[in-house]
Amino acid sequence: MSVSQDKRDLLRGADLADAEAIAVLQRASFDDPWSAESVRRLLDGPANLSLVAEDGGVVGFLIGQCVVDTAEVLAVAVDDDRRRAGWGAALLAGFEAVAAASGADRVLLDVASDNAAAEALYRSRGYETVARRDRYYAAGRPSPVDALVMVKILSA
Ligand SMILES: CC(C)(COP(=O)(O)OP(=O)(O)OC[C@H]1O[C@@H](n2cnc3c(N)ncnc32)[C@H](O)[C@@H]1OP(=O)(O)O)[C@@H](O)C(=O)NCCC(=O)NCCS
């Protein structure tokens with residue numbers, strides 16, 4: 001799918017000052033949110049390549065890393081009121097670009113098998129399921145669900 005250049009232009013690298021805004025979005029989006037301190041540690045790590053989308057405040061984030069030739073999306077979320085407007089796709093596209101520039105030739109991620117919105121987003125960006133982790137996500141569910149491990153090979 002094509003990604004809006006206007007939205008790509010509103011992405012920037014996440015810095016430590018964004019940790020609280022990211023934690024707020026985490027709490028609104030996930031059953032097992034990370035604390036602002038955990039977010040800060042990730043943003044401060046040597047492999048960090050995280051992004052935020054800013055449009056009158058932080059409307060979305062992607063926490064990602066790159067180690068050697070593999071980049072990984074650890075979490076991505078968009079403000080509930082701003083979903084289905086292309087921010088998630090823009091964040092992924094932006095991450096793929098910075099990951100490729102850092103030497104990654106693939107992006108790896110996990111998604112809960114009951115997270116239809118995220119799986120649809122990843123498929124729309126060309127990610128394919130390569131493995132499953134059995135009963136991997138438990139938080140907020142009556143019984144654990146599998147994780148789908150998805151990969152996108154970045155073209156040179
Ligand atoms: C998953 C998430 C990040 C998607 O963000 P978004 O900004 O709404 O996504 P986009 O608007 O860029 O959608 C891009 C494409 O993904 C697919 N998609 C996104 N949300 C979808 C939904 N609820 N149902 C079906 N398809 C969906 C569609 O193909 C969409 O393209 P379209 O709108 O032209 O049909 C957002 O729903 C979210 O924050 N969810 C909670 C956090 C989460 O589950 N994160 C993923 C696990 S870490």
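Why is Asp-79 classed as buried? Asp-79 has 20 other C-beta atoms within 10 Å and is therefore buried (20 or more other C-beta atoms within 10 Å of its own; exposed means 12 or fewer, partly exposed in between, with C-beta atoms placed from the backbone). The model is a predicted one, in which local features need pLDDT of at least 70 and side-chain atom pairs count only at pLDDT 80 or more, while totals for chains, interfaces and linings use all residues. Residues are numbered from 1 along each chain as its sequence is written.

Asp-79 lies in the loop between β4 (70–78) and α4 (87–101); helices (H or I, at least four residues) and strands (E, at least two) are DSSP runs numbered from the N terminus. Leaving aside neighbours within four places in sequence, Asp-79 is in contact with Leu-25, Val-59 and Gly-60 (C-beta atoms, placed from the backbone, within 7 Å). Val-58 is 21 residues away from Asp-79 in sequence, with 8.4 Å between the C-alpha atoms.

Seven strands form an open sheet of mixed pairing, in the order β1-β2-β3-β4-β5-β7-β6 (strands pair if DSSP finds at least two bridges between them). β1 (11–13) and β6 (128–137) stand at the edges with a single partner strand each, so one side of each has no neighbour in the sheet. β4 and β5 (residues 106–112) run parallel and are joined by four bridges; Glu-72 has Leu-108 in β5 as its bridge partner.

The ligand is surrounded by 20 residues (C-beta atom, placed from the backbone, within 6 Å of it). α5 supplies the largest share of this shell, six residues.

Note on methods
Two residues are in contact if their C-beta atoms, placed from the backbone, lie within 7 Å.
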